[in-house]
Amino acid sequence: TAINPWDVMLCVSGTAIACENAIVVAIICYSPTLRTPMFVLIGSLATADLLAGLGLILNFVFQYVIRSETVSLLTVGFLVASFAASVSSLLAITVDRYLSLYNALTYYSERTVLCIHTMLVCTWGVSLCLGLLPVLGWNCLHDRAACSVVRPLTKSNVTLLSASFFLIFIIMLHLYIEICKIVCRHAHQIALQQHFLTASHYVATKKGVSTLAIILGTFGASWLPFAIYCVVGDPDYPSVYTYATLLPATYNSMINPIIYAYRNQEIQRSMWVLFCGCFQSKVSFRSRSPSDV
């Protein structure tokens with residue numbers, strides 16, 4: 001069977017995703033200092049994206065080496081669970097950032113740790129259930145009329161996944177708007193205390209709001225086209241439409257470690273220690289909280 005160039009691109013994307021996020025997972029596991037709730041959530045996101053990258057690679061291998069409907073069903077379920085965990089981890093990170101600003105005085109408490117662990121259990125539990133649905137029978141292997149644009153998932157299955165994404169996107173949008181309000185209110189309070197808003201405070205506030213817009217914009221631009229196409233698309237449409245919307249969605253897992261991990265100074269320092277072993281800092285690093293964006 002001739003190899004589809006789109007499948008090659010997905011496999012290459014999966015390889016890049018797996019390599020990027022494997023480094024993040026290794027850094028967080030290697031560094032005892034990265035045990036705060038913020039880094040636990042970043043580790044959850046990196047693990048989900050790592051599994052998604054491996055799933056894309058396995059899907060390519062099994063599609064052209066081991067042609068089996070059962071194996072295809074397992075890999076699709078694995079991909080659904082991984083990407084669902086990735087999107088859910090992004091929501092958990094957003095909630096964590098909001099709580100770190102809204103309850104700044106009580107954030108570093110046992111209640112926060114319990115909240116983070118609860119979010120992780122819910123994130124991975126729901127994602128695992130979504131991934132098991134096609135494996136347990138919610139598929140169109142024996143009823144092609146029920147197939148969606150993503151075979152072997154049924155139309156009702158992808159509708160459920162798309163609806164879940166839209167709900168998560170709306171919640172994240174609402175939380176980031178609230179975060180922007182809190183950041184601007186803090187800047188206004190500082191201005192009242194100092195009788196004017198300094199240039200540094202204005203730049204920091206503008207940078208924070210811009211970063212939040214970039215984070216949400218990147219997430220939406222990556223996943224919205226695919227989620228919308230899953231709802232309005234028809235399985236009779238050319239498969240190129242599915243590939244053209246699915247490929248940008250995978251790029252979100254490629255961008256996540258850059259936004260949430262590699263920009264963090266604590267992870268940068270741990271990376272130098274992990275790969276160099278002879279880190280001598282000439283730059284002062286400070287511990288960053290989830291509210292630092």
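**Helix packing and salt bridges in the predicted model**

Helices H2 and H3 are roughly antiparallel to each other, a term used for angles over 145 degrees, whereas angles under 35 degrees count as roughly parallel, 65 to 115 as roughly perpendicular and the rest as oblique. Helix H2 covers residues 37–64 and helix H3 residues 69–102, and the two pack at an angle of about 160° with their axes 8 Å apart; the axes are lines fitted to C-alpha atoms over the stretch in contact, and angles run from 0 to 180 degrees between N-to-C directions. The crossing of H2 and H3 is left-handed, meaning that the near helix is turned anticlockwise from the far one by less than a right angle (clockwise would be right-handed). The residues of this contact of H2 with H3 divide into 18 nonpolar, 7 polar and 2 charged, where Ala, Val, Leu, Ile, Met, Phe, Trp, Tyr, Cys and Pro count as nonpolar, Asp, Glu, Lys and Arg as charged, and the others, Gly among them, as polar.

The model is predicted, so that local features need pLDDT of at least 70 and side-chain atom pairs count only at pLDDT 80 or more, while totals for chains, interfaces and linings use all residues. Residues are numbered from 1 along each chain as its sequence is written, and side-chain values use heavy atoms, with hydrogens and water left out.

The protein contains 8 helices and 0 strands (DSSP runs numbered from the N terminus, helices being H or I of at least four residues and strands E of at least two), and along the sequence this gives the pattern α-α-α-α-α-α-α-α. Of its 293 residues, 44% count as buried, that is, under 20% relative accessible area, with exposed meaning over 50% and partly exposed in between (1.4 Å probe, protein chains only).

A second pair of helices, H1 (residues 5–30) and H7 (residues 239–262), packs at an angle of about 15° with the axes 10 Å apart, and H1 and H7 are therefore roughly parallel to each other. The crossing of H1 and H7 is also left-handed, and the residues of their contact divide into 18 nonpolar, 4 polar and 2 charged.

According to an unreviewed UniProt entry, the feature "transmembrane region" is listed for several stretches, including residues 38–66 and 158–177; such annotations may be inferred rather than shown by experiment, feature names are shortened, and positions are given in the numbering used here. In the model, residues 38–66 are 93% helix and 0% strand, with the end C-alpha atoms 40 Å apart, and residues 158–177 are 100% helix and 0% strand, with the end C-alpha atoms 28 Å apart.

The structure holds 2 salt bridges, each a side-chain nitrogen of Lys or Arg within 4 Å of a carboxyl oxygen of Asp or Glu. In one, Lys 181 and Glu 178 meet at 3.7 Å, N to O; these residues are 3 residues apart in helix H5 (residues 155–194), and so are separated by about one helical turn. Lys 181 is partly exposed at 46% relative accessibility, and Glu 178 is partly exposed at 22%. In the other, Arg 269 and Glu 266 meet at 2.6 Å, N to O, and both lie in helix H8 (residues 265–275), 3 residues apart, about one turn of the helix. Here Arg 269 is partly exposed, with a relative accessible area of 28%, whereas Glu 266 is buried, with a value of 8%.

The C-alpha atom of Val 149 is separated by 6.0 Å from that of Asp 234, although the two residues are 85 residues apart along the chain.
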